[in-house]
Amino acid sequence: MAGLTAGAPSPTAITLHGQSRVLEVGFSDGNTFRIPFELMRVYSPSAEVQGHGPGQEVLQTGKREVDIMEMAQVGNYAVQPTFSDGHNSGIFSWDYLYYLGSEQDGLWSQYNERLQAAGVARDDPMPVAGGASCGHSH
């Protein structure tokens, strides 16, 4: 899914809507999707989010207010956003953007199920890497 599939729809227009935090992408098959920045950040195709194999995904929280600060084109097949939380290692191929746009209802449901299973809320801050403690012994 991360590559460019031959014959797959390609983008005809890409618009960043900063105020509503939505990436609008029009495709050659006539579909247009409005993909929330939060959904892009939560499902970033980067190893930092997806891990290096099944079961290594890192559940993202606290991304509701994330912005896209910059968007770089990667060849003729993808874009690489820089998010306001510093994340910039996700390369979003046209195929992957189409997937996020066309499947966003199901992806939101999966995300909410994963949050519930982990016992965390959507707006909880991300845990600090390395498990830093608060200094109290329990």
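**Aromatic pairs and the sheet**

Analyst: The model is predicted. Six aromatic pairs turn up in a search of the whole structure. One of them joins phenylalanine 27 and tyrosine 98.

User: Why is the pair of phenylalanine 27 and tyrosine 98 called edge-to-face?

Analyst: The ring centres are 4.8 Å apart, and a pair requires centres within 6.5 Å. The planes stand at 80 degrees; angles over 60 count as edge-to-face, so the label applies.

User: What parts does the pair tie together?

Analyst: Phenylalanine 27 belongs to strand β2 (residues 22-27) and tyrosine 98 to helix α3 (residues 94-102), so the pair links parts 71 residues apart in sequence. Phe27 and Tyr98 also form one aromatic cluster with Phe33.

User: Is phenylalanine 27 buried or exposed?

Analyst: Its relative accessible area is 3%. Buried means under 20%, so phenylalanine 27 is buried.

User: How do you know that β2 and β3 pair?

Analyst: At least two bridges are needed. β2 and strand β3 (residues 32-36) have five, in the antiparallel sense, so they pair. Valine 25 stands opposite phenylalanine 33 in β3. The two strands form a hairpin with four residues between them, and glycine 30 in the turn has a positive phi of about 95 degrees.

User: What makes β1 and β3 the edges of the sheet?

Analyst: The open sheet has three strands in the order β1-β2-β3, with antiparallel pairing. β1 (11-17) and β3 each have a single partner strand, so one side of each lacks a neighbour in the sheet. β1 is joined to β2 by six bridges, and isoleucine 14 has valine 25 in β2 as its bridge partner.

User: Where does α3 lie?

Analyst: Helix α3 lies across β1, β2 and β3, and runs at about 85 degrees to β3.

Conventions
Residues are numbered from 1 along each chain as its sequence is written. This is a predicted model: local features need pLDDT of at least 70, side-chain atom pairs count only at pLDDT 80 or more; totals for chains, interfaces and linings use all residues. Side-chain values use heavy atoms; hydrogens and water are left out. Rings of Phe, Tyr and Trp (its six-membered ring) pair if their centres lie within 6.5 Å; planes under 30 degrees apart count as stacked, over 60 as edge-to-face and the rest as tilted. Buried means under 20% relative accessible area, exposed over 50%, partly exposed in between (1.4 Å probe, protein chains only). Contact means heavy atoms within 4.5 Å. Axes are lines fitted to C-alpha atoms, for helices over the stretch in contact, and angles run from 0 to 180 degrees between N-to-C directions.
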